[in-house]
Structure formats: C-alpha cells, structure tokens
Amino acid sequence: MSRLVTRRELINLLGATGGTAAVLQAGSVLGLLPATASAAALDLLALGSTNKKVAILGGGISGLTVAYELNKRGYDCTVLEASHRCGGRIFTVRHGDLIDEIGNRQYCEFDDEPHLYFNAGAARIPTSHRSLLAYCKELGVELEVFIGENNNAFLQDDALASGKPLRMNDYKTNMRGFLSEMLAKSMSEQQMDEPFTETEAENLLSVIRSFGDLSEGDLYQGSSRNGYASGGYLIHGVQKDMLAFRDLLQSSMGRIALSAYEGEYGPCLLQPVGGMDKIIAGFLRKIEGQVKYRAMVAGIQVRDDGVEIAYDQGGARHKLQADYCFNCIPTHLAVGLDHNFPSDYIKAMKYVRRGEAYKAAFQAKERFWEKEGIYGGITRMNNSSREIWYPPHGIHKDKGVVLAAYDFGGGSYFTKMIQQERVETHLQDGEKIHSNYRDRVEKPITIAWHRMNHMLGCAARWRQSFSGWTHEEEQMYNILQAPAGGRHYVIGDQMSMNSAWMESAILSAHWAMQDLDVRVRSEIAK
Amino acid sequence: MIGKTEIIVLFSVLSFCSVKVYAAENSPELREPYNDRYCTTCHGTDGRGNYGIKAPRLAGMESWYLKRQLENFRAGIRGTHSSDREGIAMQPMAVQLSDSSITDIISWVGSWDYVATEITIEGNESLGQQLYIQCASCHGANGEGNEALGAPALRGQNDWYLATQLRNFIEGWRGSHPQDSFGQQMTLMAQSLQNDDGIKNVVSYINTLSRN
C-alpha cells in the first residue's frame with residue numbers, strides 16, 4: 001500500500017519532474033488540434049471534350065465528395081455502394097430505419113417526428129472543420145448549434161460522493177479551486193528559483209487566483225461559480241459548501257471533466273438541422289443517378305490503361321471499366337477483394353487496424369433532463385455506458401432522443417451481449433444519474449459499428465503508440481496515399497492522420513483529386 | 001341487385017385490401033429484404049479469405065466441415081471463449097441462421113472456385129514436416145483431410161488462420177467446450193507443437209502441400 005504524501009511533498013515532486021505537465025497523463029487521446037486552415041479551394045481542370053471515367057467505390061462522404069467535384073468538371077462518375085444507403089458512418093436513424101448489424105438486425109421505432117432522430121455515427125462538427133462547413137454552405141445544409149460542454153450535466157463515479165451524480169460545475173469549480181491553491185502556494189515558495197520577472201510572476205499569480213476563484217491568502221474557500229445553494233436574485237445568495245479535496249481525488253474522472261471539451265470537442269460545435277445525413281442528402285441531390293446501390297465490389301484490377309472493377313449486383317457479377325478509381329471501402333474489407341495491388345500497398349492496407357465503437361440511444365417519453373436544468377450537453381459516467389447525451393435541439397418539445405451509451409475504442413464489451421443485455425446495462429447506468437430513467441425511456445437502438453454490415457469497424461487506426469508515429473508507419477501511410485498504378489486512390493478518413501472525422505475524409509478526397517488533376521493535365525498536354 | 005349496403009361493404013373490403021397491400025409493400029422487411037448471404041463481406045470476394053478481418057477462406061471447404069462449424073458457432077459451441085477474439089466476432093453472425101439458411105449458404109459456398117492462397121508465414125519446413133507426421137494420422141499425408149475421422153483438409157487454407165486456430169487449440173480457447181468432441185481431440189493433439197516456433201514450422205510445411 002502506498003503511503004500518503006503531503007501537499008508539500010507532491011509539489012516538490014512536481015518541481016523535480018518538470019512541472020505540472022508531469023501530472024497530466026502523457027498521450028492524451030485527444031491529441032493535438034490540427035491547424036485550422038481556411039477551406040481549400042480545389043483547382044481542378046474542367047475536362048471540356050475529353051472523356052474520363054471514374055469509378056468511386058463506396059458511398060461514404062469522401063467518395064461523394066469526389067463524385068460531386070469531378071462531376072462538376074465533366075468527369076463521368078459512377079459510385080458503387082454495397083449497402084442500401086450512402087453515408088457510411090454518417091448515419092442518422094429515424095422511425096422505421098434499418099440498423100444492419102450482422103447478427104442483430106434492428107428497426108428503429110422512434111415516433112415519426114423530424115426532431116426525433118439519432119446521429120448514430122458522426123454527431124458533431126467542430127467549427128475548425130472549414131472544408132466540411134464550406135460544403136454545408138454550398139449544398140444548402142442548414143446548421144444549428146451543438147452543445148458538448150454543459151456545466152449542468154452530470155459527472156458520476158461510484159467512487160465519488162458515494163456514487164451520487166455531481167453537476168459538472170460543482171466538480172470543476174472545486175477541483176480548479178484546489179489545484180489553484182496548490183499552484184499559488186508553489187509559486188510563492190519557489191519564486192526565488194523561477195526565472196520570472198516581478199510583473200510576470202504577478203500576472204501568473206492573478207491568472208491562478210482567478211482560475212480557481214481563490215480567496216484572501218490564496219485559499220480556496222468555495223465559489224459561487226457553480227451556482228448558489230439558494231437566493232442570488234432578490235435576496236443574498238448562499239454559497240454552496242465546498243467539496244472536500246480528498247473526496248474529489250477518489251475518482252479519476254477529473255481527467256475527463258477538465259479535458260473533455262478541448263480541441264475538436266470544444267465550443268463551438270455545430271450539427272445539421274434534422275440530422276447529420278442532411279449532408280449526405282445534399283451531395284446526393286447533386287449526383288442524381290450516378291450511384292448504384294446494393295452493388296458490392298468484388299474485384300479491382302489496376303492496369304496501365306485503366307481500372308477494371310468487378311461488382312455483384314442483382315445476383316450477377318458485372319464489370320465496370322474506368323480510367324481512375326477512388327476507393328473509400330475500409331481497407332480491412334478491401335484487402336479481401338480480388339485485386340492486383342503491389343505488395344507494399346497491400347502491406348500498408350493490412351497494417352491499418354479497424355477500430356471498435358458502440359453507441360446506443362433511447363427515445364425519451366418526456367424531456368426529463370430539461371426539468372433538471374439540462375439543455376443539451378453530455379453527462380459522463382465511470383461505467384461501461386460512459387456517456388449520456390442530451391439533444392440540443394427540440395427544446396421544450398414533448399419528447400427527445402438521448403444517446404444512452406458511447407464507447408469509442410472498446411465497443412466489443414457490448415457486442416458480446418445480446419440486445420436485451422445491452423439495453424439493461426444502459427438502463428442501470430442511466431438510473432445512477434436520473435431516477436426513473438428506466439420509466440422515462442423507450443424504443444432502444446444499439447449501434448455496434450464494428451459489426452455493421454459493409455463497415456465492420458470504426459475508425460481506422462494507424463499508429464500503435466500514443467506517443468506518435470513510427471518512421472515505418474509514416475512510410476506506409478505515404479505508400480498508401482499515392483495512387484496504385486497511378487490510377488487507384490485510397491480515400492476516406494482512413495487515409496488521414498486524424499480518423500473518425502468527416503473533415504479528414506473530405507481532405508483525403510481533395511488530396512487525391514489534386515493528384516489526379518496533375519496526371520490528367522499532363523496526359524491531355526501530350 | 002346490388003344495393004347501397006353492398007357497395008359500401010364492397011368498397012370497405014377493397015379499401016381494406018389496398019391498405020393492407022400498401023402497408024405490406026412499405027414494410028421495412030420488404031424495403032430491405034433480409035438475406036443470409038452476407039458472408040463475403042468478411043470472408044472476401046468469392047470466399048477466398050480476408051486477412052483484414054482474419055476471416056478464413058471458405059471456397060473449396062468441405063461442405064460437411066462448413067456445416068459443422070456453422071452449427072457449432074450457432075450453438076455457441078465455438079466462438080464463445082473470451083480469448084477467442086475472431087471466434088467471438090463470428091459467433092453472432094451464425095446465431096440467426098436457420099437450418100435451411102445453412103443449407104443455402106453451403107450451396108452458395110460450393111459455387112466458389114478455390115484460388116491458391118497467399119503465403120504469409122515462413123518457418124522451417126523440414127522441422128515442420130517432422131511435426132506434421134502426427135497431424136497426418138487424421139488430416140492425411142497430403143493435408144487432404146478425412147471425412148470419416150472428421151478432420152478437414154488443411155492444405156490450401158490461409159496460413160495465418162491455421163496458425164491462429166492452432167494457438168487457440170493449444171490454449172484451450174477453441175475446443176474446450178464439452179460438446180466439441182472433435183475440438184477436444186485437437187486441443188490434445190496441438191499440445192505437441194509446444195510453442196510459436198512449432199506452429200510456424202508446421203504451418204509453413206502445410207503451405208507446401210499442394211491442392212493440385
């Protein structure tokens with residue numbers, strides 16, 4: 001059993017190991033926020049009278065982006081989609097929709113109302129995702145605010161406050177208060193050894209003091225930031241009691257509470273009005289008639305003068321000849337097709353691992369969270385369901401759809417269970433937050449992405465180590481990004497260093513199209 | 001003579017019928033008819049096996065062996081041990097197959113041509129040959145299998161799959177279910193391979209056994 005350390009010892013420890021950064025876990029799963037560039041303006045040659053055929057394998061957003069953009073320039077595009085719907089992991093579930101999990105087919109029974117939908121895959125758009133937002137504007141997709149961080153949502157851990165759910169702001173305000181108190185103390189004691197000017201030291205101290213709402217003497221004595229216990233409008237506010245620091249330390253959830261809304265998960269986030277698949281519908285409106293559904297690719301043969309695609313549709317095997325091919329089929333499925341890719345290309349395709357992700361949702365018979373002062377946002381729990389999301393739209397309507405569970409990275413825990421067991425787990429987990437949760441929700445749906453037909457995974461994983469890419473991984477990435485035989489491009493969020501985002505999928509398509517453009521221009525010039 | 005009442009009744013009956021037909025045509029089950037032939041999504045084009053999912057070649061597999069494995073998966077006799085990652089992924093795929101679906105799938109699989117598989121494992125073939133001697137007693141001197149003994153052909157199967165199954169048998173992650181009598185025999189037989197090198201060597205020897 002480890003012995004207890006005093007605060008002084010802990011601060012000295014921090015000093016010895018290089019500051020507070022040492023306390024934070026290395027390898028934050030959020031990673032670095034990619035640079036926000038303005039939306040890339042694609043500079044592609046319009047073909048004029050030249051004829052070029054393009055085969056697009058998979059109706060995911062990267063494939064649709066290619067179809068849309070190349071269509072505009074006069075390319076003859078055909079999209080082959082294996083399932084009955086385009087969009088892939090951009091999937092909005094509504095009344096009557098099929099959830100094609102192999103071995104656990106479900107039909108959604110939500111009421112037939114525009115606001116009662118569930119974004120089962122892509123669910124939020126960071127405003128730094130400029131290329132995606134540019135398409136939303138161009139395609140007339142109406143957007144509204146999505147709420148991730150909500151200080152009134154809950155944090156729950158059986159190890160914390162005897163398992164009682166705490167409001168996020170109660171946890172955060174108190175935790176920041178104590179952290180700041182420690183920092184402030186460490187500042188004044190170590191000032192002599194630190195290379196700060198007096199002004200810098202004063203500024204830093206004032207940041208620390210306001211960060212934690214410290215009182216006189218650099219003590220944390222509670223705050224009104226997490227709301228008053230009573231009063232505050234017409235009569236004096238009564239401050240809430242502080243939460244004891246050591247109580248807060250019983251849970252590791254602080255790491256999530258203080259970091260979950262940074263980077264791409266932080267404000268401002270957006271969503272399309274009426275469901276994420278409005279984006280897909282926007283693309284499809286522009287490429288009417290160019291998508292073949294229930295057309296499952298069986299083979300890809302890259303030749304000097306073109307690409308031959310074999311696909312199964314209507315019980316027969318067909319051939320499609322094209323000059324170029326853009327392939328957003330997940331590599332773990334593509335690698336099993338009848339192809340003639342070079343061996344180093346295949347090696348890279350095999351290297352990319354398929355991720356596991358799982359979501360579940362309920363229709364709520366009444367918007368019980370709004371009665372508890374929660375409008376949109378996410379409750380986080382230290383249990384297998386992990387998260388409850390409250391819809392930011394449809395405020396004060398009769399019903400709403402809540403996300404009941406979200407496991408990104410470890411979804412196989414739930415897929416080992418049959419449907420009833422999954423649902424029962426989510427009900428038990430939700431009951432720890434909202435009493436009568438069980439009575440107030442109905443019509444469950446579960447989405448196990450690594451079991452979804454034609455996808456079998458979410459999202460692609462390149463690097464094995466949290467601390468960064470190896471040289472070999474970077475080489476494989478470059479090999480896979482370059483077109484096989486100068487004609488076959490792998491695209492999609494799998495062909496990026498930031499998978500699981502629509503923006504990455506779109507940018508991969510742009511890269512491939514720019515590369516194609518160079519080749520086509522030089523061909524035409526001959 | 002047809003009176004008002006009869007017409008009303010007739011009209012109601014016709015309306016009811018057309019409502020029923022409309023409802024049926026729009027039922028989700030008809031919009032997306034269910035089809036048990038989804039195997040190639042994971043097992044590769046024409047069932048040639050897919051390393052990306054670790055789903056083995058089915059093309060050329062004996063129908064009696066395929067049947068037994070599908071039934072074992074369906075009943076949870078295979079694919080339920082917590083360490084059998086790939087088995088656990090396969091098991092729910094079989095859970096809702098009816099007997100007639102299994103028959104249909106077997107005939108569908110039978111329509112696929114065997115195509116030689118890629119070799120990915122390189123070990124010591126002569127050491128492997130020594131190790132293979134005792135496998136031959138059930139699986140045949142040329143890895144051709146033996147239906148009477150319930151032993152499938154090994155030649156021509158994906159080597160990465162053979163290696164995984166051998167490891168699973170050695171560890172008891174496959175074959176330890178009380179109703180899996182053939183599997184239990186395999187867990188005993190596989191012990192002789194002892195370690196990863198043994199697996200690699202015997203599999204690389206099996207790679208040399210030709211199907212032709």
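Two strands are taken to pair if DSSP finds at least two bridges between them. In the predicted model described here, strand β7(A) meets that criterion with β13 (residues 269-272) of chain A, to which two bridges join it in an antiparallel run. Within this pairing, Ile125(A) stands opposite Leu270(A) of β13(A). The two strands belong to an open sheet of three strands in chain A, ordered β7-β13-β8 and paired antiparallel. Its edges are formed by β7 (125-126) and β8 (143-146) of chain A, each of which pairs on one side only. Strands of a sheet pair through backbone hydrogen bonds, in either a parallel or an antiparallel manner.

Chain A is divided into three domains, of which domain 1 comprises 53-87 + 278-352 + 461-525, domain 2 comprises 93-152 + 267-273 + 356-451, and domain 3 comprises 168-251. Taken over C-alpha atoms, the centres of domain 2 and domain 3 of chain A are separated by 35 Å.

Chain A is also in contact with chain B, where 18 residues of chain B meet 22 residues of chain A. On chain B, helices α3 (40-43) and α5 (85-95) each supply at least two residues of the side that touches chain A. The largest share of that side, four residues, comes from α5(B). By residue type, the side of chain B that touches chain A divides into ten nonpolar residues, seven polar residues and one charged residue.

Helix α5(B) also contains buried residues, namely Gly87(B), Ala89(B), Met90(B), Gln91(B), Pro92(B), Met93(B) and Ala94(B). Among the elements that cover these buried residues of α5(B) is α4 (63-75) of chain B.

A bend of about 45° is found in α7(B) at Ile133(B). The buried residues of α7(B) are Gly128(B), Leu131(B), Tyr132(B), Cys135(B) and His139(B). An α-helix has 3.6 residues a turn, so residues three or four places apart point the same way. The cover over the buried residues of α7(B) includes α10 (196-206) of chain B. Just after α7(B), a positive phi of about 90° is taken by Gly140(B).

Definitions and conventions
Residues numbered from 1 in each chain as written. Chains lettered and ligands numbered in written order. Predicted model: local features only at pLDDT ≥ 70, side-chain atom pairs only at ≥ 80, totals over all residues. Contact = placed C-beta atoms within 7 Å. Nonpolar A, V, L, I, M, F, W, Y, C, P; charged D, E, K, R; others polar. Bend = angle between axes of the 7 residues up to and from the residue. Buried ≥ 20, exposed ≤ 12 C-beta atoms within 10 Å, placed from the backbone. Domains from an automatic or database assignment.
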